[in-house]
Number of protein chains: 2
Amino acid sequence: MVQKITVSPREGVALKLKRGQLLKVIDLEGGQVADLLAYRSSDYKEILSTGATIDNNGSLYIGKGDYLFSNRYNPLLLIVEDTVGAHDLLHPPCSPEMYRAQYVIEGEHANCFTSFISVLNKYGLEEKDVVTPFNIFMNTRINVDGRVEVKTPLSKAGDYIVLQAETDLLVAVTACSVEESACNTYGCTAIGLEII
Amino acid sequence: MVQKITVSPREGVALKLKRGQLLKVIDLEGGQVADLLAYRSSDYKEILSTGATIDNNGSLYIGKGDYLFSNRYNPLLLIVEDTVGAHDLLHPPCSPEMYRAQYVIEGEHANCFTSFISVLNKYGLEEKDVVTPFNIFMNTRINVDGRVEVKTPLSKAGDYIVLQAETDLLVAVTACSVEESACNTYGCTAIGLEII
């Protein structure tokens with residue numbers, strides 16, 4: 001049985017995956033980023049690490065056939081399908097402080113950091129557990145001089161990535177809240193999830 | 001008065017900086033990496049973030065005139081001098097799990113993660129607080145296809161970087177423990193520190 005979940009624009013969800021289960025993350029309308037965090041169910045101190053993922057893969061770009069690793073260098077998720085091929089391992093989740101620093105927005109603004117906290121609190125997780133996510137469909141390009149550019153996602157409506165759980169996991173996914181840049185094509189839409 | 005400290009090979013130190021003080025990090029023999037973490041003295045939950053640093057600078061490479069930012073997107077340190085110009089913002093500190101995953105070393109091996117924990121424990125900091133450091137003199141090059149290569153440091157004996165504290169800070173510095181790769185030129189040497 002396939003369980004379907006919709007992540008509303010600028011919101012988040014948390015879910016459990018058993019080892020071997022698949023999580024399909026779908027860009028329903030196109031041009032939208034989904035941030036993903038993962039924690040080993042048996043020990044939430046073991047967290048998805050984009051640093052270990054870059055280190056073990058020897059690359060800033062990952063796609064089909066590549067693993068996402070934990071802070072303890074164990075594989076947590078395997079990318080088994082990917083219709084896009086452009087994702088991000090570098091950017092922290094958007095946060096009130098990011099909006100203040102980069103867009104001079106002092107007031108309330110939906111943000112992935114708060115979305116993560118709101119769905120992970122019930123599992124006893126807190127600020128320190130919200131690390132740099134795997135930013136699915138986020139089209140970050142690196143220039144030879146090291147300059148980082150965030151471009152419009154390459155994902156069209158219906159494009160997806162499928163991740164296989166390598167162990168029992170708690171996973172959180174947000175539909176990213178940035179409307180001010182190319183990151184989400186200057187607007188926020190929903191993300192579809194299927195647990196298979 | 002200049003306070004001088006030597007970080008022995010494969011070890012670490014912690015120190016306090018007052019706002020405006022300078023920390024000079026010196027590669028005493030050449031070809032050696034120093035990992036650096038920083039915490040706001042008034043709230044250790046505010047931690048140096050290489051992700052926010054990449055995000056705010058828009059670059060994987062930083063040098064003289066660039067700031068290192070916290071997880072709350074505030075400037076913690078300013079690079080006021082840099083005789084090398086090649087450092088790393090991508091790699092987690094070396095750890096027992098990294099040596100197991102990449103070098104199939106199951107037994108004891110000195111590592112920066114343990115070096116950080118051993119000097120930060122007395123400040124109440126723990127595993128989660130040891131995030132990706134600013135890896136000074138670590139010569140990571142990025143290819144246009146996203147491939148990450150760790151090359152021999154460009155630093156020669158006596159080369160240095162000078163960091164200015166933008167707020168009161170707790171700082172930890174390790175002399176990196178990797179002997180198995182080009183990271184530290186296939187051997188480990190000491191790092192010199194001066195608090196000015």
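**Close-ups of a predicted two-chain model**

**View 1. Strand β13(A) and its partners.** Strand β3 (residues 22-27) of chain A and β13(A) pair in the antiparallel sense over 5 bridges (strands are DSSP E runs of at least two residues, numbered from the N terminus; two strands pair if DSSP finds at least two bridges between them). Here Asp27(A) has Ile191(A) as its bridge partner in β13(A). Residues are numbered from 1 along each chain as its sequence is written, chains are lettered from A and ligands numbered from 1 in the order written, and side-chain values use heavy atoms, leaving out hydrogens and water.

**View 2. Both faces of β13(A).** In a regular strand, side chains alternate between the two faces of the sheet. On one side of β13(A) sit Ile191(A), Leu193(A) and Ile195(A), on the other Gly192(A) and Glu194(A), all of them buried (under 20% relative accessible area, 1.4 Å probe, protein chains only). With 5 of its 5 residues buried, β13(A) is therefore largely enclosed by the rest of the structure.

**View 3. Asp55(A), buried without a salt bridge.** Asp55(A) is buried yet has no salt bridge (a side-chain nitrogen of Lys or Arg within 4 Å of a carboxyl oxygen of Asp or Glu). The nearest side chain of opposite charge, Arg100(B), is 11 Å away (Lys and Arg count as positive, Asp and Glu as negative; His and the chain ends are not counted).

How values were computed: Predicted model: local features only at pLDDT ≥ 70, side-chain atom pairs only at ≥ 80, totals over all residues. Buried < 20%, exposed > 50% of the residue type's maximum accessible area, 1.4 Å probe, protein only. Helix = DSSP H or I, 4+ residues; strand = E, 2+ residues; numbered from the N terminus.
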